[in-house]
Amino acid sequence: MKKIMQAIAGVRLRAKRLTSVQTPLRLARASRLALLVLPAAALAATIPTSPTFTVSASVVRGCVVSGSTSQVSGIAFGSINFGSHPALQSGTMQTMAGSSMGGQAKLVCTPGTAVQISIDGGQHGQGVQRRMSNGAGKYVPYNLDLVQGAPAPLVPNVPVGLVIDATPLALPVRGTVTLPGSTAAAGIYADTVQVTLSW
């Protein structure tokens, strides 16, 4: 029984001795690892501690319908209604677009955008003269002006400068008609014009 115990003790002693022999080897390996890590740490020190990058954006000039920014066609710029008058009435009348009969779209543009407006001759134009028709071969001539600052005549298809910024603006277009008196047949006279905005 005693011999067995000694044998076990001997194994333990040997194990301790092996451990004491391995310790310097482990330290040596740890030292090698430390030596390998040092160059990587030295490289990390060369990376800037306050790196920078650029941020940029481009704002494109343009115009949109206020409250309906995706709308690019079928825009209601209003209507001009000269009202009802006796058949024998004569004289000149003026009214602004959108002043009666329905709403009028408002536009907003990037500040500093150079906008131009042009309006065609309508459905019944004769040369540069726009005309309303009663649908039975009778016409009443009328004119359109841009009223922003000094009034500017809107000759058919001739662009005129218009100032629009970030404040919603209804097109300041005015119609002028001279009632022909007894030469006009009774009826409803109407016309439709096409508005083009460019920038």
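Colleague: In β9, which residue is the bridge partner of Lys106?

Modeller: Happy to walk through that one. This is a predicted model, and in it Lys106 has Ala170 as its bridge partner in β9. The two strands concerned, β3 and β9 (residues 169–170), run antiparallel and are joined by two bridges.

Colleague: How many bridges join β1 to β3?

Modeller: Three bridges link β1 (residues 63–65) with β3 (residues 106–109), and these strands run antiparallel. Within this pairing, Val64 stands opposite Val108. As a general idea for reading such strands, side chains in a regular strand alternate between the two faces of the sheet.

Colleague: Which residues does the disulfide join?

Modeller: Cys63 and Cys109 are the partners, with an S to S distance of 1.9 Å. The structure holds one disulfide. Because Cys63 lies in strand β1 and Cys109 in strand β3, the pair ties together parts that are 46 residues apart in sequence. As for its geometry, the link is right-handed, with 110° about the S-S bond.

Colleague: Are Cys63 and Cys109 buried or exposed?

Modeller: A residue counts as buried when its relative accessible area is under 20%. Cys63 has 16% relative accessibility, so Cys63 counts as buried. Cys109 comes out at 5%, so Cys109 is buried too.

Colleague: Now for the rings: how many aromatic pairs does the structure hold?

Modeller: Zero aromatic pairs turn up here. There is a charge over a ring to look at, though: Arg131 lies over the face of Tyr139, 3.8 Å from the ring centre.

Terms used
Residues are numbered from 1 along each chain as its sequence is written. This is a predicted model: local features need pLDDT of at least 70, side-chain atom pairs count only at pLDDT 80 or more; totals for chains, interfaces and linings use all residues. Side-chain values use heavy atoms; hydrogens and water are left out. Rings of Phe, Tyr and Trp (its six-membered ring) pair if their centres lie within 6.5 Å; planes under 30 degrees apart count as stacked, over 60 as edge-to-face and the rest as tilted. A charge sits over a ring if NZ of Lys or CZ of Arg is within 6 Å of the ring centre and within 35 degrees of the ring normal. Two strands pair if DSSP finds at least two bridges between them. Helices (H or I, at least four residues) and strands (E, at least two) are DSSP runs, numbered from the N terminus. A disulfide is a pair of cysteine sulfur atoms within 2.5 Å. Buried means under 20% relative accessible area, exposed over 50%, partly exposed in between (1.4 Å probe, protein chains only).
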